[in-house]
Amino acid sequence: MPSLKSLRVRINSVKSTQKITKAMKMVAASKLRRAQEAAEAARPYAERMASIMASLSAAQIGSDTAPRLMIGTGSDQVHLLIVATAERGLCGAFNSSIVKLARRKIEELTAQGKTVKILCVGKKGRDQLRRDHASKIADTVDLSKSKKIGFADAQEIADRVLAMFEAGEFDVAHVFYNNFKSVISQIPTAQQLIPAMIAGTNAAAGAPDLQGGIYEFEPDEETILNQLLPRNLSMQVYRALLENAASEQGARMSAMDNATRNAGEMIKKLTTVYNRSRQAQITKELIEIISGAEAV
Amino acid sequence: MAETVRFELVSPEKLLLALDAEMVVVPGEAGDFGVLPGHSPLISTIRNGIIEVTVNGAVTERIFVAGGFAEVANDKLTVLAEEAVPVKQLDRAKLEAALNDAREDAEDAKDDHARARAAARVEKYTAMLEAAA
């Protein structure tokens with residue numbers, strides 16, 4: 001039976017923990033709203049870009065001169081996995097679910113005899129992957145300095161990926177991130193970046209109906225495509241980062257909500273124990289007094 | 001046929017501008033072009049320059065864009081720009097400082113990649129200064 005004092009101390013410490021988790025939950029909620037707005041604001045650009053890509057690629061697919069970013073290098077020996085995670089923990093299974101997906105992919109690829117390289121974005125993912133795939137990590141991007149994810153951050157990552165691609169360091173690139181579905185549900189997703197995935201359903205729907213007309217291209221298709229593809233890559237990375245940011249806050253919010261509730265339950269239990277033992281002590285003292293008086 | 005062109009300017013971060021205009025002049029890679037209602041479908045790259053929007057016979061908006069893409073289809077003009085600033089908001093003093101920075105970076109650049117990036121920045125700020133004049 002713990003003493004009354006130790007129980008009181010324990011209750012107080014749980015109470016202050018609850019205050020912290022509650023505050024974290026509220027901070028996450030307001031950050032989530034901002035992250036969601038940012039993700040929403042980026043949508044028009046992504047949609048328009050997809051529609052231009054769709055219009056352009058229709059003319060280019062199948063031709064030998066199509067840029068390598070679109071059709072790939074013709075081999076799929078070396079894979080680059082861009083694993084985007086958070087910079088901080090305390091957000092439930094957010095980081096580990098991405099890493100789990102990436103790990104599965106790594107195992108699958110190595111089983112097929114392919115070479116895997118990893119580009120980590122965010123230090124939590126790197127810490128987890130370093131345990132058993134340290135030799136495969138090619139580079140790490142640290143985003144802890146930028147408070148709000150801007151397009152420039154994404155562009156920097158995309159630049160690095162492009163430089164590696166041009167240097168022939170890999171053939172296929174995937175990005176791993178959490179797709180934000182709702183506050184309680186984030187879906188770890190793998191998306192292929194290089195070669196660019198255009199033949200998706202949304203791309204086909206994105207091309208506007210020209211009412212019988214065809215596009216003119218200035219200066220020409222190839223030049224436009226060559227400029228568009230790197231930008232498309234930055235955009236995909238940007239989108240992944242934004243989805244990730246929203247998911248991170250969502251995951252943190254629900255994790256902290258759970259923690260607050262658990263703390264509440266714990267306080268309730270401890271208070272019951274505390275009250276019981278206090279009563280038991282009073283009863284004991286009374287019995288002692290009464291039996292003392294009777295003995296006289 | 002519609003009387004106006006729907007003009008939308010989007011950056012990766014947000015939809016910057018959406019309005020109906022009589023004419024929009026876009027600084028295309030191969031030369032400026034004006035988009036009027038009934039323009040044939042077109043996709044073009046954009047160089048650093050100014051987009052001029054005409055509504056009711058007067059130029060209402062002058063916006064500086066640093067490269068991007070323009071798409072014209074069905075009386076709708078969409079400009080995808082990574083950076084867009086209204087000309088009125090360009091600040092000469094700040095731009096000159098930024099241009100000098102970029103020039104220094106270009107001189108100090110260690111590899112081709114960094115040099116190319118700095119050169120692009122020099123080009124961008126030079127164009128911005130011209131636009132602000």
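Chain A has a mean pLDDT of 86, and 91% of its residues reach 70 or more. Please keep in mind throughout that this is a predicted model. Where in chain A is confidence lowest, and where is it highest? The lowest mean, 44, belongs to helix α7 of chain A, residues 201-206, while helix α1 of chain A, residues 4-41, has the highest, at 93. Over residues 199-206 of chain A the pLDDT is below 50, and this stretch has three contacts in the model beyond near neighbours in sequence.

I now turn to the sheet of chain A. Five strands of chain A form an open sheet, and their order is β3-β2-β1-β4-β5. The pairing within this sheet is mixed. Which strands lie at the edges? They are β3 (137-141) and β5 (186-194) of chain A, each of which pairs on one side only. On average, neighbouring strands of the sheet are turned by 20° against each other, with direction ignored.

Let us look at one pair of strands in detail. Strand β1 of chain A, residues 78-84, and strand β2 of chain A, residues 115-121, pair in the parallel sense over seven bridges. As an example, A:Leu81 has A:Ile118 in β2(A) as its bridge partner.

Next, consider two helices that accompany this sheet. Helix α4 of chain A, residues 94-111, lies across β1, β2, β4 (172-180) and β5 of chain A. Its direction is about 155° to β4(A). Helix α5 of chain A, residues 123-133, lies across β1, β2 and β3 of chain A, and runs at about 170° to β3(A).

Is A:Cys91 buried or exposed? A:Cys91 counts as buried because its relative accessibility is 1%, and the cut-off for buried is under 20%. A:Cys120 is likewise in no disulfide. With a relative accessibility of 0%, A:Cys120 therefore counts as buried.

Finally, I turn to chain B. Chain B is divided into domain 1, residues 5-87, and domain 2, residues 90-132. The centres of domain 1 and domain 2 of chain B, taken over C-alpha atoms, are separated by 24 Å. How many residues of each domain are in contact with the other? Eight residues of domain 1 of chain B are in contact with six residues of domain 2 of chain B.

Thank you for your attention.

Note on methods
Residues are numbered from 1 along each chain as its sequence is written. Chains are lettered from A and ligands numbered from 1 in the order in which they are written. This is a predicted model: local features need pLDDT of at least 70, side-chain atom pairs count only at pLDDT 80 or more; totals for chains, interfaces and linings use all residues. Side-chain values use heavy atoms; hydrogens and water are left out. pLDDT is the predictor's confidence in each residue, from 0 to 100. Helices (H or I, at least four residues) and strands (E, at least two) are DSSP runs, numbered from the N terminus. Contact means heavy atoms within 4.5 Å. Two strands pair if DSSP finds at least two bridges between them. Axes are lines fitted to C-alpha atoms, for helices over the stretch in contact, and angles run from 0 to 180 degrees between N-to-C directions. Buried means under 20% relative accessible area, exposed over 50%, partly exposed in between (1.4 Å probe, protein chains only). A disulfide is a pair of cysteine sulfur atoms within 2.5 Å. Domain bounds come from an automatic or database domain assignment.
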